[in-house]
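Visitor: I would like a close look at one part of this protein. Please keep to what the model shows.

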Amino acid sequence: MAYEIKKAAVLGAGVMGATIAAHLTNAGIECLLLDIIPFELTEADKAQGLTEKSPAWRNRFAENGLAGVIKAKPAAFYTAKNASMVRTGNLEDHLGWLSEVDWVIEVVVENLKIKQELFAKVEKVVRPECIVTTNTSGIPIKEISANFGAKLKGHFLGTHFFNPPRYMKLLEIIPGVETKPEVVAFMSRFCEETLGKGVVICKDVPNFIGNRVGVFDISNAVRLTIEKNLKVEETDAIISKALGRPGTAIFGTLDLVGLDTGYHVMNNLYAAVPDDEMREMFVPAEFMKKMMESKWLGNKTKQGFYKKTKGTNGKKAKQALDYNTMEYYPAGKPKFASVSDAKKKADDGVEATLKVMFNGTDVAGDVTREYLCNNFIYAANRVPEICDTIVGIDNAMKWGYNHQLGPFETWDAVGVRAAAEVMKQLKKKVPKKIEEMLKKGCESFYMKKEDGLYFYDFEKKDYVRLEPNPRIILLPELKERNKIVKQNGSATLIDMGDGIACLEFHTKMNAVDDGMIDMIFASCAIVEKDFAGLVVGNHGTNFSAGANIFKVLVAIQKGDWDILEKLIADFQNANMRMKYLSRPVVSAPAGLALGGGCEMTMHAAKCQPCGETYIGLVEVGVGVIPAGGGCKELMVRLTEGIPDGVVEGGMNLQNIYAKAFENIAMAKVATSAVEAMELGYIRKTENISLGRAQQLWEAKQVALGLAKFYKKPRPVQIPVMGENFRGMADAILYNLKHGGFASEYDVHISHKVAHILSGGDCAEGTWVSEQEILDLEKEAFLSLAGEKKTQDRIMHMLSTGKPLRN
């Protein structure tokens, strides 16, 4: 049977259910959101004239869930407009709606009896081919489905999303004994390709993979903190980025997630795994119990392991919890020699920093060795109990807990044999399977061969090839296979295969510099001659954070105006070269695409953005204006749908240019690809990749499709309003200034923006060329760069990372 999901239903409108529904709409899937009816009418309900038959009362829990997720921070929807794709109802009146859906996800309270009773009703109304799943985080699938009929058992499985669903990559799929293999295969593919998830297939065991190993990791760190008598900030300084952990480390992460969540998972695990050799590790520490009683749950209650206060000078201060006295004290900034040494190796990657920490001779080194060895032993002992291979455990920890490396990859980084020797020194039992592996001469869990990546399989006692996903393109692998066409210190042109090349940036933050501009020109020349199309994308956290403003400042301070003018002209010309290339160019932005990064994105023939793209023209924050064609391209996009003759006939462009002015003068940044479409940075006709993993492959497919019929675009003429627009902008700026929303210098910069968007000195209804707008951009940028207040803004941004309002 060919499965397809066009419409889904989420049962349970709590935080998790509502945010899952929101993410489904991000993928373009209509969704029902149903919950129970309230238990009784309140006096307030009666005062409003509500009765037990009133839909407003009966649907209240679902409506409240939707209302809450619309306001959620960070945002669950790509755009608030997506909320219109969610239809709310209740589980008594509207269960019949489930006959219309292709996927039902249960997200009700973690109570077996309640789940079984609900599914008994669901089974009666869903279509035979409907896929039904539970988002349980720990109740066995076999127990939930015990009373199901054979048909539903074949279409039932666990789909455990990690919170928040929009942002967390991991999705655990837990098949039941009777789940059809084709259903598992379809859901794995659907969740990866449509929802952008990293899927791990789990066994039906308590807390599956992510929370089983992840909660042990945190419990291990907490226990070591007590045993070594460390302060919470000392543990967080050690078990942090140098070990491949997120910046929130251990206690900061517990504050972020909520101590109540971690506490309950620990307790549940302790009860559920009586045969686990490390079961006692899951017993929450005594001070955690006291924190629960005091409701010191972390960020949500404004205090947990840390809390923020204001000092006597009015500045924010951070305090940490002394878990012995249960009192707060000013958090220090611990210094450890091995942590400092590791930071010096940060540019060499996490593998290098791990090795430094593991071999450290101070307290941080001692903690690192014991912490990692405990994790290594626990992970090894969980195969095959929770997962058949080491790969699933590694992926679960990377995608669900934001670790840079999984436990077995981490073990490889410090050395498998070296770690085994340390275990013996610490009087820990080395797992038998590890000793067998080392006796065979297998010194690592992963190894690369000519035909791909291999991992060590404990059952087969040999290396097994990791089957590559053809939809995942890894640029480092292509480089290893000698697919580099041309490179310099700023960027590399790589042959992706099938006639498509990829231009990858690799400066710090992928900031635009002269080397990157040179590579754009060189790549365009090579692609025009030897390739069918070009993708501009990379695996970096950010597509490009904009221009290298330090180099701009140096040029200003030296008075190298000719060099700066040439740099601007070259960047404009490089972007125009991409736009008018005879081969299709597809940009693939993700993360930050700011300033120059936004401008490069906008000059491609097509864009394949990641859903998590934060894009905007932000140059006014450092006292200048977009000068790489950003103003011009935004003008093009906002006016390109206007039919010829309409402007001459008197069409009012005021609202269109007011939007462009607002975007640039207020440095508006879209917080998703969909919001970028609403602001005009990305065309609404583009497709979106919900995950990074397959984005480059999808961009390549777009380039291949375009290449079959592509012709470079004709030159564009842009309708402008002339001095009439500048008059309108003056009125807006007058109100902003006198309302205290803009400084004198903000207004000065914004006048420059208005001059560009007006088309310069011309009458309303004039059509101008792209080059005329580019010249206005360059002129405005250079004039502002020569002003001291702009230079102060650049210096402030470089020193603090924040814009200055002078």
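How many residues does the hairpin use to join β12 to β13? Please go on from there to the neighbouring strand, and then to the salt bridges.

Guide: This is a predicted model. The hairpin that joins β12 to β13 runs through two residues. Strand β12 covers residues 446–449 and strand β13 covers residues 452–457; the two run antiparallel and are joined by four bridges. One of the paired positions is lysine 448, whose bridge partner in β13 is leucine 453.

Strand β13 also pairs with β14, residues 462–465. This pairing is antiparallel and consists of four bridges. Here aspartate 457 stands opposite aspartate 462 of β14. The hairpin of β13 and β14 has four residues between the strands, and lysine 461 takes a positive phi near 55 degrees in it. In general, strands of a sheet pair through backbone hydrogen bonds, in either a parallel or an antiparallel way.

A parallel pairing can be found elsewhere in the model: β20 is joined to β22, residues 613–616, by four bridges. Glycine 591 stands opposite threonine 613 of β22. These strands belong to an open sheet of three, ordered β20-β22-β23, with mixed pairing. Strands β20 (591–594) and β23 (669–670) are at the edges with a single partner strand each, so one side of each has no neighbour in the sheet.

Now the salt bridges, of which the structure holds 53. In one of them, the side chains of arginine 369 and aspartate 366 meet at 2.6 Å, N to O. Both residues lie in helix α16 (residues 363–381), three residues apart, which is about one turn of the helix. Arginine 369 counts as buried because its relative accessible area is 16%, under the 20% cut-off. Aspartate 366, at 36%, is partly exposed.

Glutamate 385 forms a salt bridge with arginine 382, and their closest N and O atoms are 2.8 Å apart. Arginine 382 is buried, with a relative accessible area of 3%, whereas glutamate 385 is partly exposed at 34%. Both residues take part in a network of salt bridges that links Arg212, Asp276, Glu277, Arg382 and Glu385.

Another salt bridge is formed by glutamate 528 and arginine 577, with the closest N and O atoms 2.8 Å apart. Glutamate 528 lies in helix α22 (residues 514–530) and arginine 577 in helix α24 (residues 561–579), so this pair ties together parts that are 49 residues apart in sequence. Glutamate 528 is partly exposed at 25% relative accessible area, and arginine 577 is partly exposed at 26%.

Note on methods. Residues are numbered from 1 along each chain as its sequence is written. This is a predicted model: local features need pLDDT of at least 70, side-chain atom pairs count only at pLDDT 80 or more; totals for chains, interfaces and linings use all residues. Side-chain values use heavy atoms; hydrogens and water are left out. Two strands pair if DSSP finds at least two bridges between them. A salt bridge is a side-chain nitrogen of Lys or Arg within 4 Å of a carboxyl oxygen of Asp or Glu. Buried means under 20% relative accessible area, exposed over 50%, partly exposed in between (1.4 Å probe, protein chains only).
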